[in-house]
Amino acid sequence: MKLLNPSIIIATILWLPGLSLAAEFGTALKTDTMRSEPYADAKTTGNFARGEKLEILSKKGAWLQIKTSKNTGWVRLLSIKRGAGASGGSQISGVLGLASGRAGTGQVVATTGVRGLSEEELKHAEFNENEISKLEQHMQSAEQAQKFASQAGLKAVKFNYLPKGVAQ
Amino acid sequence: MKCRPSTLLSIILLLTASYQAQALNLGDALKDVVKEKAGEYINPDKSNSEPSGAAKAGDNNAATSTPAPAPSQPAFNLKNPSQADEIQLGRKITGNLLGAAPLVKDEALQKYVNQVGRWVASQSERADLPWHFGVVESNDINAFAAPGGYVIITKGLYRKLENEAQLAGVLGHEISHVVKKHQLKLLQKTQLLDFGARLLSKKLGNENQTVEKIIGSGAEVCARSLDKEAEFEADRMGLVLATRAGYAPFGLPEVLQSISQITRNDGSVALLFKTHPAPDDRLVSLGNAIGSKLDNIKADKTLENRFYKLKPDI
């Protein structure tokens, strides 16, 4: 976390992508129970505690198959933070990000001097009529959007809003 | 810089209480007065035609003469804005934001986010708003919503996305802020505070409320934090809207996962991390709300093939 030599990071990144296919790691976001199969009513195979490091073996729907130091089992994917976690060490997460093709150039090197949207810049922003008109020209009607959705086979489904959850 | 409304309100209450000490239940009465006055102040027309008992009670120390609206400046009803008012505010805020970062010059990209965004917005209870979506030229990772249906995402955030379901989740989060009027409520709160501060300094001038006044400087309102709860709520709603639209439900949490991998000291997430709860907390909150509720959802479309690929930067 302290000071990472950029050249070491870059060297590691260049060298590692192949490796990241072999194993993906994660951290438990909460204390939870593992199950023998990816179903809520499957029998339990063990527990893990918040913050525990674990290995991600596979994914099925909303479930991840994981391996802790003691057991293997399935758990809901939102219980796990994928990657070793930026809060722990930036090195591994940076590598995973890049390996999965997600990282832009901003991943490793902080972007400075490039156009940003800092508080200061926002504060001093001046109204741009030309740009807002352009934005408005791109508007799509509900009907156009509906057509766009059906082209990909998207169909509206009924699903109620989620009330605030209870910490478990 | 920022004061909590409760703090400011209690200061006002304390100060005023010193000269009206005998009155019982002064707290509530004054609270009403402040609200009432803020409303009048923002919308002078209304106050002239509807004098109320509560307003009279505050006459000792507050603005005794409500300024008459200048004919050239229409009063803006921030207390109870119409849809047209909301759109007017949102257009101004978004126009300012675009002054800081223009739209990415890629017609196909802009059309694409409008198609996805409009379809997700159609699943909400404010499907009738004239929704606008745009990708702006910035390497920052962030997204913004403004009243009346304006949603902006940065190119930096777009670049992080892998498929259409993830885009739908991100836009769903912003759409939810608009549907729930979170930014509008923030502006209303600020005006009430502003009024309170003037009440304290007795500097209630003969000013009229204009859109500029309400918004403040530039697009600074976009740099302000909403309540943590508003963000969690927008996450839950955003996920639901994308799911209703037929997308795989986990688009938004996947993006949160991706963002959580970025180190805090990376400048591109500075404002996002400052104004939002930590991605880990958002994931846990979403997970707790979802529980087993997605177990029977069949929607699984991620549409990575249709996802519009950005042209490489030159």
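Modeller: This is a predicted model. Start with the contact of chain B with chain A.

Colleague: How many residues does the contact take from chain B and from chain A?

Modeller: Both chains contribute to the contact. The count is 80 residues from chain B and 67 residues from chain A.

Colleague: Which elements of chain B give two or more residues to the side that touches chain A?

Modeller: One strand is on the list, β1 (132-136) of chain B. The others are helices of chain B: α5 (83-100), α6 (107-121), α7 (155-160), α11 (228-244), α12 (251-260) and α14 (279-290).

Colleague: How do the residues on that side of chain B divide by class?

Modeller: Gly counts as polar here. The side of chain B that touches chain A divides into 33 polar, 28 nonpolar and 19 charged residues.

Colleague: At what angle do α6(B) and α8(B) pack, and is that oblique or roughly perpendicular?

Modeller: Helix α8 of chain B covers residues 164-179. Its axis and that of α6(B) are 9 Å apart, and the angle is about 60 degrees. Roughly perpendicular starts at 65 degrees. That makes α6(B) to α8(B) oblique.

Colleague: Is the crossing of α6(B) and α8(B) left-handed or right-handed?

Modeller: The crossing of these two helices, α6(B) and α8(B), is right-handed.

Colleague: Which residues of α6(B) make that contact?

Modeller: From α8(B) come B:Glu164, B:Leu167, B:Ala168, B:Leu171, B:Gly172 and B:Ile175. By class, the contact has seven nonpolar, two polar and one charged residues. The α6(B) side is B:Val116, B:Gly117, B:Val120 and B:Ala121.

Colleague: Why is α12(B) largely enclosed, and what do its buried residues pack against?

Modeller: Ten of the ten residues of α12(B) are buried, so this helix is largely enclosed by the rest of the structure. Among them are B:Leu252, B:Glu254 and B:Gln257. The buried residues pack against β7 (80-82) of chain A, together with α7, α8, α11 and α14 of chain B.

Colleague: Is B:Ile215 buried or exposed?

Modeller: B:Ile215 is in helix α10 (residues 211-215) of chain B. The cut-off for burial is 20 or more other C-beta atoms within 10 Å. B:Ile215 has 21, so it is buried.

Colleague: Leaving aside neighbours within four places in sequence, which residues is B:Ile215 in contact with?

Modeller: B:Lys111 lies 28 Å away, C-alpha to C-alpha, and 104 residues away in sequence. The contacts of B:Ile215 are B:Leu89, B:Lys92, B:Ile93 and B:Val221.

Colleague: What share of the residues in chain B is buried?

Modeller: Chain B has 14 helices and three strands. Of its 314 residues, the buried ones make up 51%.

Conventions:
Residues numbered from 1 in each chain as written. Chains lettered and ligands numbered in written order. Predicted model: local features only at pLDDT ≥ 70, side-chain atom pairs only at ≥ 80, totals over all residues. Contact = placed C-beta atoms within 7 Å. Helix = DSSP H or I, 4+ residues; strand = E, 2+ residues; numbered from the N terminus. Buried ≥ 20, exposed ≤ 12 C-beta atoms within 10 Å, placed from the backbone. Axes fitted to C-alpha atoms, helices over the stretch in contact; angles between N-to-C directions. Parallel < 35°, antiparallel > 145°, perpendicular 65-115°, else oblique. Left-handed = near helix turned anticlockwise from the far one by under 90°.
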